[in-house]
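Visitor: Could you walk me through this structure? I'd like to start with some ring side chains and then look at charges.

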Amino acid sequence: MYDLLIKNGLVVTHMGEKKADILVKDGKIAAIGSKLDVEANEVIDATDLIVTPGMIDSHTHITEPGGGYRDNWEGYLTGTKAAAKGGVTSFVEMPLNQVPCTQNKEALEIKVNAGKDKLTVDVFSLAALTPSSLDDIKEMAEEGVLGFKAFMASCGDRSIDGDMENVDDYSLWEGMRRIKDTSLSLHLHCENPSITDKLGKLYAKERENTLENYVDSRPVFTEVEAVRRAIFFAKETGCKLTICHCSCPEVVDEIKKARAEGVDIVAESCTHYFYFTTDELDSIGNSAKCSPPLRDKNNLEEMWKRLFAGDILYIGSDHSPCTPDLKEGKAFSAWGGISSLQNSYDILFDEAVNKRNMSLSQFVDITATNVARYLGLKNKGAIEVGFDADFALIDKNKSYTITEDGLEYKNKFSAFVGREVGCKIVRTIVRGETVYSEENGVTDKKIGKFLFKK
């Protein structure tokens, strides 16, 4: 007896898409075929639905533990529920915003204990590379983190003990030398802080305090310069690099050039860089503030060209929530981060597949398969026999409007609120168990796991 039969869906595999049935047993895909005539404990009729591997969100911030400072930000309970509702079956968690940040074994244990019995979907972890964590790199790799994360831009609050700190050039170079020996990757936030921080202070005094002027304070060249410096260090050290949340085509082109020169480097971007433009930010408000910032219409169109060309390996959400009070007030002082985990997958599907005719196989590549392969996530990211039975079922023709009360976040606001989406996630399945359905909402069962490369 099988546990689950999904029948009559348009199934997207590495071979393309086809009408097929999927059998699941013990949380794994047991068979894929046409009109499978078998018994199963549960049968889901996926007629007129697209069955994809669930999104593996390559870039998510959860702020638990909050260390007494950020306890009311996004936690595992609400964050993983939002993921489930959004078709995300697992995500790669960043070490920033947790207190303490995940830069050593003790902090990793604190984090895992904080999330115990709270996970609706699976969670992978990156460790922090900071000036004080160089001697922890080897041990963190042995603990099974997927890789490391560093900020070339300013980050963290120096008044909070244990908060994440950005790297200087020495700790970046030395960290890359040590990470290379682990065979893991370094994920970099690339902006030049000596320029962006100074411009931010100047523009806040000299210009109208708007999001459009905030974007001007973080010009494209400050992102490009940091990426070029990272590439130079990668050439010196041999470290494997992911450039996080690329916001502009100039950065993607630098990465493509470096790859042609033999550097092991890839580009990640985020749904919001393919959706919002600068001229609409002030009408949305501070919920749309992020860094690197959202840029103009031409920038957006050029990013789409590079995504279709395969120059951007995968897309994450960069879900970076906070409490509502931190989004109030003036643009330059508001928290920079977009709450996006719940809607990155369906909005990207609507924009890429429905509106721009991206193939389903490429869509699955950039949202699941590529990140699984690049980061070595065993049995994740594809609909193949033996893989985890992680699926998102999508109705490509069912429109809905994003509302605050429909959000699963702890703090129910997002730049996407009020937007109409031309498709809908109708079911999310993790290892063969439904964690979200349109009829019943998000399950109360906590079947998610912290997963490590051991």
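Visitor: What separates tryptophan 304 and phenylalanine 308 in helix α10?

Guide: Before we start, please keep in mind that this is a predicted model. Tryptophan 304 and phenylalanine 308 are four residues apart in helix α10, so about one helical turn separates them.

Visitor: Are those two buried or exposed, or something in between?

Guide: Tryptophan 304 counts as buried because its relative accessibility is 2%, whereas phenylalanine 308, at 33%, counts as partly exposed.

Visitor: Which aromatic pair does phenylalanine 274 form with tryptophan 304, edge-to-face or stacked?

Guide: A search of the whole structure finds 13 aromatic pairs, and the one between phenylalanine 274 and tryptophan 304 is edge-to-face, with 5.1 Å from centre to centre and 70 degrees between the planes. Phenylalanine 274 sits in the loop between β12 and α9, while tryptophan 304 belongs to helix α10, so this pair ties together parts that are 30 residues apart in sequence. Tryptophan 304 also pairs with phenylalanine 308, where the ring centres are 6.1 Å apart and the planes stand at 45 degrees, so that pair is tilted. Through such ring pairs, Phe274, Trp304 and Phe308 are linked into a cluster.

Visitor: OK, switching to charges: how many salt bridges are there in the whole structure?

Guide: The search finds 33 of them. One is formed by arginine 178 and aspartate 135, whose closest N and O atoms are 2.8 Å apart.

Visitor: Where do arginine 178 and aspartate 135 lie?

Guide: Arginine 178 is in helix α4 and aspartate 135 is in the loop between β8 and α3, so the pair ties together parts that are 43 residues apart in sequence. Arginine 178 counts as partly exposed, because its relative accessibility is 29%, and aspartate 135, at 66%, counts as exposed.

Visitor: And how far apart are the closest N and O atoms of lysine 256 and aspartate 311?

Guide: They are 3.9 Å apart, and the two residues form a salt bridge. This pair links distant parts of the chain, with lysine 256 in helix α8 and aspartate 311 in the loop between α10 and β13, 55 residues apart.

Visitor: Which residues are linked in a network of salt bridges?

Guide: Lys28, Asp122, Lys380, Asp388, Asp390 and Arg431 are linked in that way.

Visitor: Last one: which residues gather in a patch of negative charge on the surface?

Guide: Those are Glu208, Glu212, Asp279, Asp282 and Asp296. Of these, aspartate 282 is placed in helix α9, and it counts as partly exposed because its relative accessibility is 38%.

Definitions and conventions
Residues numbered from 1 in each chain as written. Predicted model: local features only at pLDDT ≥ 70, side-chain atom pairs only at ≥ 80, totals over all residues. Heavy atoms only, no water. Patch = residues over 30% accessible without salt bridge, like charges linked within 9 Å, V, L, I, M, F, W, Y side chains within 5 Å. Areas by Shrake-Rupley, 256 points an atom, 1.4 Å probe, with all protein chains shown as cover. Salt bridge = Lys/Arg side-chain N within 4 Å of Asp/Glu carboxyl O. Lys, Arg positive; Asp, Glu negative; His and termini not counted. Charge placed at Lys NZ, Arg CZ, Asp CG, Glu CD. Helix = DSSP H or I, 4+ residues; strand = E, 2+ residues; numbered from the N terminus. Buried < 20%, exposed > 50% of the residue type's maximum accessible area, 1.4 Å probe, protein only. Phe/Tyr/Trp six-rings, centres within 6.5 Å; stacked < 30°, edge-to-face > 60°.
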